[in-house]
Amino acid sequence: MELRGSGLRLNHKTVQRLMKGLDLVCHVRIKKYHAYIGEADKITPNLLQQNFHAKKPNQKWATEVTEFSLFGEKLYLSPILDLRGSDLVSYTISDSPVLSMVTSILDKAFEIPPDGADLILHSDQGWQYQHKQYQAMLKEKGIRQSMSRNSFNILITITTKESRQG
């Protein structure tokens, strides 16, 4: 940064090579958003087992929290998709990945399925989905929770599966 401020432009690889030659090490790391906390596959079973096809509406839903950058600002998108036709059930956008983000989309989504729909809601193992409040909301509505590893991405998974089938 100091080099850029003084008007000197160098390739990052040149800087790395010079730092290595002088035995200089940078200890600053850029932190990425990781929602997962805990042991993999210990929270709740993976009921879908990569079967993202539903025969009828309100049988299988999927959700996630996705971080993206827009005009230099981090935003978090949390959609719920019906896996019958990839229809958007509910969504929210927030400037931070807080619990109220996922509980608010549940409140909106709960207006849709009829009672006794035998619905499965699938997600990754992000901390929001492990929270007792979130799990209690699902249990109260009789919705079965399903989780897969934290690398799950519903938007990419569904688009990829549909393009293979189409």
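**Exercise 1. At what angle do helix 3 and helix 5 pack, and how far apart are their axes?**

Solution. Start by keeping in mind that this is a predicted model.

Step 1: Find the two elements, helix 3 at residues 99-109 and helix 5 at residues 132-140.

Step 2: Two packed helices are described by the angle between their axes and the distance between the axes. Here the angle is about 10°, and the axes are 10 Å apart.

Step 3: Angles under 35 degrees count as roughly parallel, and helix 3 and helix 5 are therefore roughly parallel to each other.

**Exercise 2. Which residues of helix 3 and helix 5 meet?**

Solution. Step 1: On the side of helix 3, look for Leu99, Val102, Thr103, Leu106 and Asp107.

Step 1: Their partners in helix 5 are Gln133, Tyr134, Met137 and Leu138.

Step 2: Sort the residues of this contact by kind, and you get six nonpolar, two polar and one charged.

**Exercise 3. Work out how the buried residues of helix 5 are arranged and what covers them.**

Solution. Step 1: Pick out the buried residues of helix 5, which are Tyr134, Met137 and Leu138.

Step 1: Look down the axis of helix 5: these buried residues fall within an arc of 95°, so they line one face of the helix.

Step 2: Now look for the cover over the buried residues, which includes strand 1 (60-63), helix 3, strand 5 (120-123), helix 4 (127-130) and strand 6 (144-147).

Step 3: Follow the chain out of helix 5 and you meet Gly142, with a positive phi near 75°.

**Exercise 4. Is Thr103 buried or exposed?**

Solution. Step 1: Locate Thr103 in helix 3.

Step 1: Its relative accessibility is 9%. Buried means under 20%, so Thr103 counts as buried.

Step 2: Check its surroundings. Beyond its neighbours within four places in sequence, Thr103 is in contact with Gln133 and Met137. A polar atom of the Thr103 side chain also lies 3.3 Å from the backbone oxygen of Ser100.

**Exercise 5. How many buried residues does helix 2 have?**

Solution. Step 1: Go to residues 12-21, the ten residues of helix 2.

Step 1: Count the buried ones: the result is zero, and this helix is hardly covered.

Step 2: For the whole chain of 166 residues, buried residues make up 34%.

Step 3: Just past helix 2, note Asp23, which takes a positive phi of about 55°.

Key:
Residues are numbered from 1 along each chain as its sequence is written. This is a predicted model: local features need pLDDT of at least 70, side-chain atom pairs count only at pLDDT 80 or more; totals for chains, interfaces and linings use all residues. Side-chain values use heavy atoms; hydrogens and water are left out. Axes are lines fitted to C-alpha atoms, for helices over the stretch in contact, and angles run from 0 to 180 degrees between N-to-C directions. Helices (H or I, at least four residues) and strands (E, at least two) are DSSP runs, numbered from the N terminus. Angles under 35 degrees count as roughly parallel, over 145 as roughly antiparallel, 65 to 115 as roughly perpendicular and the rest as oblique. Contact means heavy atoms within 4.5 Å. Ala, Val, Leu, Ile, Met, Phe, Trp, Tyr, Cys and Pro count as nonpolar, Asp, Glu, Lys and Arg as charged, and the others, Gly among them, as polar. Buried means under 20% relative accessible area, exposed over 50%, partly exposed in between (1.4 Å probe, protein chains only). The arc is that of the directions from the helix axis to the C-beta atoms. A polar contact is a pair of N or O atoms within 3.5 Å; within protein, one must be able to donate a hydrogen and the other to accept it, and residues adjacent in sequence count only if both atoms are side-chain atoms.
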